[in-house]
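Hi,

Here is the structure I promised to pass on.

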Amino acid sequence: MSPEFTVRASSHTYPVIIEPGCRHKLYEKINHSYSQYFIITDTNVSPLYLEEVKRSFKKTAVVYTIPAGEGSKSLEQFEKICSFALDHGIDRNSVIIALGGGVVGDIAGFSAASYMRGIDFIQVPTTLLAHDSSVGGKTGINLPGGKNMIGAFHAPKAVMFDPEVFHTLPEREWRSGLAEVIKHGLIYDYSLYSWVCENVSARQVPDTSKLVYLLERSVKVKRAIVESDEKEKGIRAFLNFGHTLGHAIEAEAGYGLWTHGEAVAMGMAFALKVSEEVFQTSLDSGKIINQLEQLGYHTSLPENMNTDRLIDRMKRDKKGINGQIRFVLLEAPERPKLVSVEEGMLRNLIQIGGVK
Ligand SMILES: NC(=O)c1ccc[n+]([C@@H]2O[C@H](COP(=O)([O-])OP(=O)(O)OC[C@H]3O[C@@H](n4cnc5c(N)ncnc54)[C@H](O)[C@@H]3O)[C@@H](O)[C@H]2O)c1
Ligand SMILES: O=C(O)C(=O)C[C@@H](O)[C@H](O)[C@H](O)COP(=O)(O)O
Ligand SMILES: [Zn+2]
């Protein structure tokens with residue numbers, strides 16, 4: 001089974017293709033009228049998959065390879081990509097192909113959104129995590145002061161998953177991606193969350209048919225949310241569950257020390273505790289936090305994290321208004337809510353070790 005469905009954006013509707021082996025025939029699936037094909041990839045993905053992808057092309061592709069890792073989502077790399085594009089004749093009728101994980105997707109997408117005021121791009125996600133980043137049109141780069149602080153909404157022309165490539169993911173990156181699936185489950189589709197807990201190991205990439213199933217279900221959660229609120233005026237903020245603290249941790253530790261998914265999992269565990277405090281509900285946060293631990297995520301903040309600095313970073317989060325820290329909390333599974341949370345409560349919870 002190779003699911004194919006569409007995502008509606010305000011600019012256009014684009015296909016999402018989930019097809020084992022499709023990296024060998026990417027060119028067949030894309031428009032042939034582009035003047036140039038500009039592949040952006042990274043130093044880990046390039047030796048694994050670039051030649052296979054390029055072989056399917058009838059035209060020569062221009063390639064730019066960024067150093068693997070979160071550190072590459074930078075202004076410096078952005079400038080290098082755009083200058084390289086200009087030097088290699090990339091014009092308005094060219095297309096950027098993002099071959100890699102979320103880092104490649106975000107910076108390639110932002111380059112596509114900005115270069116010559118916007119050219120087409122196609123997402124070819126090679127990590128599980130990028131099932132989230134490749135759909136919905138958020139693109140961007142980091143500042144030292146905060147994650148994704150410079151960016152644009154720019155929808156891809158297509159998203160093409162070849163789940164076979166997930167088999168080379170290191171365990172840590174597989175687990176990282178699973179955190180965003182879990183997020184989709186907790187905020188929108190609890191049966192997906194339960195299915196993951198029962199059927200998916202965080203230690204080992206499952207077989208391809210299970211991967212196809214997982215991708216389709218989780219991408220469809222993302223689709224439902226971004227189709228109803230593309231520019232984050234309302235419910236799209238729920239996709240930030242776990243990210244208020246998660247993004248602060250990533251920036252505070254130094255980009256790349258924590259994976260995005262590790263930080264988001266920690267952030268979700270924290271947000272669950274905050275939810276209990278704020279709503280005084282019977283949300284069984286303990287059970288979910290235990291399940292996160294079973295899957296191998298850290299759910300207690302390391303002692304070397306400085307509370308003041310984490311609080312400062314959370315105040316600069318894009319969801320914040322007038323210096324107030326706003327968290328996505330859960331009143332119950334599938335019942336997320338965006339809430340301003342008192343700084344004192346956050347300080348207390350951080351100081352007692354986050355969630356324990
Ligand atoms: N735009 C969005 O909506 C959105 C959503 C979620 C996350 N993000 C962003 O995505 C980024 C994280 O993405 P990520 O976790 O994919 O990180 P990543 O792109 O750095 O990939 C993780 C690691 O896996 C390697 N890799 C990629 N594919 C591989 C493969 N098939 N086999 C072996 N190794 C492979 C990469 O080289 C890298 O070392 C963060 O910057 C995060 O902020 C954006
Ligand atoms: O698509 C969204 O919207 C998300 O929030 C998805 C998140 O998983 C992702 O990490 C996103 O990049 C965060 O966006 P930001 O606006 O908080 O930087
Ligand atoms: Zn995320």
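First, the ground rules. This is a predicted model, so local features need pLDDT of at least 70 and side-chain atom pairs count only at pLDDT 80 or more, while totals for chains, interfaces and linings use all residues. Residues are numbered from 1 along each chain as its sequence is written, and chains are lettered from A and ligands numbered from 1 in the order in which they are written.

**Domains**

The protein chain is assigned domain 1 (4-168) and domain 2 (171-204 + 206-353); the bounds come from an automatic or database domain assignment. Taken over C-alpha atoms, the two centres are 25 Å apart. Helices here are DSSP runs of H or I with at least four residues, strands are runs of E with at least two, and both are numbered from the N terminus. For the classes, Ala, Val, Leu, Ile, Met, Phe, Trp, Tyr, Cys and Pro count as nonpolar, Asp, Glu, Lys and Arg as charged, and the others, Gly among them, as polar.

**The two ligands**

Ligand 1 has 32 residues around it, and Asn44, Gly101, Gly102, Thr127 and Ser133 come nearest. To be near, a residue needs its C-beta atom, placed from the backbone, within 6 Å of the molecule. α2 (45-55), α4 (102-114), α5, β8 and α6 (171-188) each give at least two residues to this shell, with α4 giving the most, four. At least three residues come from each of domain 1 and domain 2.

Around ligand 2 you will find Asp132, Gly136, Lys138, Lys147, Asn148, Glu180, Glu232, Arg236, Leu239, Asn240, His243 and Lys318. Seven of the shell residues are charged, four are polar and one is nonpolar. This shell, too, draws at least three residues from each of domain 1 and domain 2.

**The annotated site**

UniProt, in an unreviewed entry, lists Glu180, His243 and His260 under "binding site". Positions follow the numbering used here, feature names are shortened, and such annotations may be inferred rather than shown by experiment. The three are spread over 81 residues of sequence but cluster in space, with a largest C-alpha distance of 10.4 Å.

His243 sits in helix α9 (residues 243-253). It counts as buried because it has 26 C-beta neighbours inside 10 Å. The cut-offs are 20 or more other C-beta atoms within 10 Å for buried, 12 or fewer for exposed, and partly exposed in between, with C-beta atoms placed from the backbone. Not counting residues up to four places away in sequence, His243 touches Val264 and Gly267.

His260 belongs to helix α10 (residues 260-279) and is buried because 27 C-beta neighbours lie inside 10 Å. Beyond four places in sequence, His260 is in contact with Gly102, Leu129, Ser176 and Glu250.

**The core**

The largest nonpolar core has 98 residues, and Ile96 and Ile97 have the most contacts inside it. Such a core is a set of buried Ala, Val, Leu, Ile, Met, Phe, Trp, Tyr and Cys residues joined through C-beta atoms within 7 Å. α10 contributes the most to this core, with 10 residues, and at least three residues come from each of domain 1 and domain 2. Outside its sequence neighbours within four places, Ile96 has contacts that include Phe38, Ile40 and Phe121.

**Two single residues**

Thr41 is in strand β3 (residues 37-42) and is buried, with 26 other C-beta atoms within 10 Å. The C-alpha atoms of Thr41 and Thr259 are separated by 18 Å.

Cys22 is in the loop between β2 (13-18) and α1 (26-29). Cys22 is also buried, with 21 other C-beta atoms within 10 Å. Leaving aside neighbours within four places in sequence, Cys22 is in contact with Ile17, Lys29, Met160 and Asp162.

Cheers

Note on methods
Contact = placed C-beta atoms within 7 Å.
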